[in-house]
Amino acid sequence: MGLLVLIILLGGMAAGPLKSFTLGADRVDTLAASRDQLRAEVDRLEERRVRLEDPEELEIIAREQLNLVKPGEVPFIVVTPEAEFERAEPGQGAAGVDDAKTMWRRVADALAGLFG
């Protein structure tokens, strides 16, 4: 009977350190995964730094993302009317205004012009 009590007591005493060990192992795994992510990010940023040292790459970024031009060049933007029709909902005009409201607004303005 005393041996059984001793085994239960030793098992209870071992549960605390075992739990701490498993929590520590989980924390180590989490930190290792975080370290791997950070290393991948550092590698990606290092590659980008090397690319940005190239003058041609800088010019591409300046032209495409910042819309910069060289001195003497004439900048222009092409705007197509199809873009306005794509944004408008069905039953609306090119500017996205309801056709019926536009018509009634024109009638009201015409009547106001007659009596005003």
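**Close-up views of salt bridges and a nonpolar patch**

Glu59, Arg63, Lys70 and Glu73 are joined in a network of salt bridges. The model is a predicted one, in which local features need pLDDT of at least 70 and side-chain atom pairs count only at pLDDT 80 or more, while totals for chains, interfaces and linings use all residues. Residues are numbered from 1 along each chain as its sequence is written, and side-chain values use heavy atoms, with hydrogens and water left out.

**View 1. The salt bridge between Arg63 and Glu59 in helix H2.** A salt bridge is defined as a side-chain nitrogen of Lys or Arg within 4 Å of a carboxyl oxygen of Asp or Glu. Side chains of opposite charge can pair when their charged atoms come close. Between Arg63 and Glu59, the N to O distance is 3.0 Å. Both residues belong to helix H2 (residues 55-64), where they stand 4 residues apart, about one turn of the helix. Helices (H or I, at least four residues) and strands (E, at least two) are DSSP runs, numbered from the N terminus. Arg63 has a relative accessible area of 30% and is partly exposed; Glu59, at 31%, is also partly exposed. In these terms, buried means under 20% relative accessible area, exposed means over 50%, and partly exposed lies in between (1.4 Å probe, protein chains only).

**View 2. The salt bridge between Glu41 and Arg44 in helix H1.** The closest N and O atoms of Glu41 and Arg44 are 2.6 Å apart. Because these two residues are 3 residues apart in helix H1, they are separated by about one helical turn. Glu41 is partly exposed at 34% relative accessible area, and Arg44 is partly exposed at 43%.

**View 3. The salt bridge between Asp36 and Arg35.** Here the closest N and O atoms are 3.5 Å apart. Asp36 counts as partly exposed, at 42% relative accessibility, and Arg35 likewise, at 40%. By the salt-bridge rule, the count comes to 7.

**View 4. A nonpolar surface patch that includes Leu10.** Leu3, Leu6, Ile7, Leu9, Leu10 and Met13 make a nonpolar surface patch of about 630 Å². Patches consist of residues with over 30% relative accessible area and no salt bridge; like charges are joined within 9 Å, and nonpolar side chains (Val, Leu, Ile, Met, Phe, Trp, Tyr) within 5 Å. Accessible areas come from the Shrake-Rupley method with a 1.4 Å probe, and for residues only the protein chains shown count as cover. Leu10 lies in helix H1 (residues 2-52) and is partly exposed, with a relative accessible area of 48%.
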